[in-house]
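Visitor: Hi, could you walk me through this one?
Guide: Happy to, let's have a look together.

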Amino acid sequence: MSPSIQPASPKVVLITGGNSGVGLALARRLLALSIAQGHRQTIILGCRNPLKAQKAISGLLQPHLAHKDLCDVQLVEIDTSSVASVTSAAIAIEKKYSRLDRLFCNAGAMAIAGLNPWGIIQGILTHPVAFFESSEALYQKRGLVTADGLGLTFQTNVFGHYLLVHKLAGLLERTGGARVIWTGSAASQLEFLRTDYQHVLGAKPYESSKYIVDQIAIPMDRRLAQRGVRCLVAEPGNVCSNFLAGLGQAWLEWVILCAFYLCRLCLSIPRFTISSVNACEACVLLGVSEGQLDSNMKYHSRVDRWGAPFVDAVPLVYDKRTGAFLVERMDALVRRFEERRGNE
Ligand SMILES: NC(=O)c1ccc[n+]([C@@H]2O[C@H](COP(=O)([O-])OP(=O)(O)OC[C@H]3O[C@@H](n4cnc5c(N)ncnc54)[C@H](OP(=O)(O)O)[C@@H]3O)[C@@H](O)[C@H]2O)c1
């Protein structure tokens, strides 16, 4: 199934991680769409680094100086790996805005420890294509815990957003027709451990966090639907964004870029979206489409051999018991942090 983009016009949009990569490209495309339709749109970039955010805002507004009345780009400071920061951001948004049409839970990070030479050799020799679709080439840092006592990657990629949605649920409900859109990834059940669901000790905290996104999206959608809010998952494909900057090796980013282009051109593998503008195709669709959207589906950004983007919706691989387990755990965390705040 390949749904097409049919323009609607969300008025107020929040994009976490909106200063870079997929989030920034999404902001750019939403802005261009709303200007083309003559609708005023407010885009709030949810960023942890105000300097980077201001640079992104200037870059977003620059091409549209002639349409100043139609574009409003704002910053809200948010660090999704901090409960205090997420709480302050939610309070600031509730205070300033009377509606929130779209909440893109896009900010995400992988704590890269270094290259895994053995994984690279093995991957290239035994399953070269799947290898470039995975993070087998990399070691991730283990044992990282935030000041809140949670697994860093889990809190950054999942729980920070879960808490944000919880805090903004009233505003989303009052808006009517609002959507929460997660940026998922190619997630694998193999990396998820119930006994260490925050994946503090495991070797693949990033994959585990994205598996959790897939598991909680449907239960969240069922819960939020009672309040008129939808919850959906987009997946950007393989993108050469700042994501690999943690490697600190520019030459390696070039090697990866070349490998991605080779896979796309020679083998026509559609998940190598490569550019952020192509990678945000599914987010754009979920943001603006007035068509039927199904929370049982995962919406993948894809490209043909020549880089023309499209969206492929495939059933979300979801286990009901795991989803219920995770939602229960995260609700308990939300309660724990709210009680702690109440006692302060
Ligand atoms: N790149 C890929 O191949 C790929 C594939 C599948 C899924 N994804 C997902 O796509 C999303 C966007 O990634 P990208 O490729 O666009 O990478 P990116 O260019 O590195 O963008 C990630 C964004 O998330 C922000 N971020 C990271 N940690 C944060 C935190 N604790 N609090 C607030 N913001 C934080 C970053 O802010 P700073 O600029 O301050 O670091 C940046 O704005 C992520 O969820 C990622 O998991 C990416």
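Guide: Let's begin with S268, which counts as exposed because it has 12 C-beta neighbours inside 10 Å (exposed means 12 or fewer other C-beta atoms within 10 Å of its own, buried 20 or more, partly exposed in between, with C-beta atoms placed from the backbone). This is a predicted model, where local features need pLDDT of at least 70 and side-chain atom pairs count only at pLDDT 80 or more, while totals for chains, interfaces and linings use all residues. Residues are numbered from 1 along each chain as its sequence is written.

Visitor: Where is S268 found?
Guide: S268 sits in the loop between α8 (250-267) and α9 (276-279). Helices here are DSSP runs of H or I with at least four residues, strands are runs of E with at least two, and both are numbered from the N terminus.

Visitor: And what is phi of S268?
Guide: Phi is near 50° for S268, a positive value in a residue other than glycine. H199 is not a glycine either, and has a positive phi of about 55°.

Visitor: Is H199 buried or exposed?
Guide: H199 is buried, because 25 other C-beta atoms lie within 10 Å. Its place is in the loop between β7 (179-183) and α7 (205-225).

Visitor: Switching to helices, at what angle do α6 and α11 pack?
Guide: Helix α6 (residues 152-175) and helix α11 (residues 320-343) pack at about 70°, and their axes are 11 Å apart. The axes are lines fitted to C-alpha atoms over the stretch in contact, with angles from 0 to 180 degrees between N-to-C directions. The two helices are therefore roughly perpendicular (65 to 115 degrees; under 35 is roughly parallel, over 145 roughly antiparallel, the rest oblique).

Visitor: Which residues make the contact?
Guide: From α6 they are F159, Y162, L163 and H166, and from α11 they are M330, L333 and V334 (contact means C-beta atoms, placed from the backbone, within 7 Å). By class, that gives 6 nonpolar, 1 polar and no charged residues (Ala, Val, Leu, Ile, Met, Phe, Trp, Tyr, Cys and Pro are nonpolar, Asp, Glu, Lys and Arg charged, and the others, Gly among them, polar).

Terms used. Two residues are in contact if their C-beta atoms, placed from the backbone, lie within 7 Å.
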